[in-house]
Amino acid sequence: MAWSQDEERMLAQIERHLVDEDPRLVARLESFNDRVRRGEESERRRAAKANGEQLPKQRPRRSTIIIVISWLLIATLVATLLVLVLRHEAAALAF
């Protein structure tokens, strides 16, 4: 059932007041909506997979990409430090 223009206008006005009065609550509600959307999407994917339907390729989330890049940087840093320490020890043994 569609809402009347008056109802839509009132809801928009309430939303504007809420954003102005409590931005933290708005951020929490948006975060909740994102999680619900992701849950619904995963449920649809699970149902489609159970029915044997072909699923579109899913992009990795931004947080996953950031974590992978962070681990690669940490691994590179550790490898570089190990190389430097081993070179220093080899040079010290040569004298």
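Predicted model: local features only at pLDDT ≥ 70, side-chain atom pairs only at ≥ 80, totals over all residues.

Helices are here DSSP runs of H or I with at least four residues, numbered from the N terminus.

**Exercise 1.** Determine how arginine 9 and aspartate 6 are placed relative to each other in helix H1, and which atoms bring them together.

*Solution.* Begin with the helix: arginine 9 and aspartate 6 both belong to helix H1, which covers residues 5-21, and because they are 3 residues apart they are separated by about one helical turn. Next, take the distance: the closest N and O atoms of the two residues are 3.6 Å apart, and the pair forms a salt bridge. Finally, consider accessibility: arginine 9 has 49% relative accessibility and is therefore partly exposed, and aspartate 6, at 47%, is likewise classed as partly exposed.

**Exercise 2.** Identify the salt-bridge network to which glutamate 41 belongs.

*Solution.* First, glutamate 41 meets arginine 44 in a salt bridge with an N to O distance of 2.9 Å; both residues lie in helix H2 (residues 23-50), 3 residues apart, about one turn of the helix. Second, glutamate 41 forms a salt bridge with arginine 45, where the closest N and O atoms are 3.6 Å apart, and these two residues, 4 residues apart in helix H2, are also separated by about one helical turn.

**Exercise 3.** Is arginine 45 buried or exposed?

*Solution.* The cut-off for buried is under 20% relative accessible area; arginine 45, at 17%, is therefore buried, whereas glutamate 41, at 32%, is partly exposed.

Note on methods: Residues numbered from 1 in each chain as written. Heavy atoms only, no water. Salt bridge = Lys/Arg side-chain N within 4 Å of Asp/Glu carboxyl O. Buried < 20%, exposed > 50% of the residue type's maximum accessible area, 1.4 Å probe, protein only.
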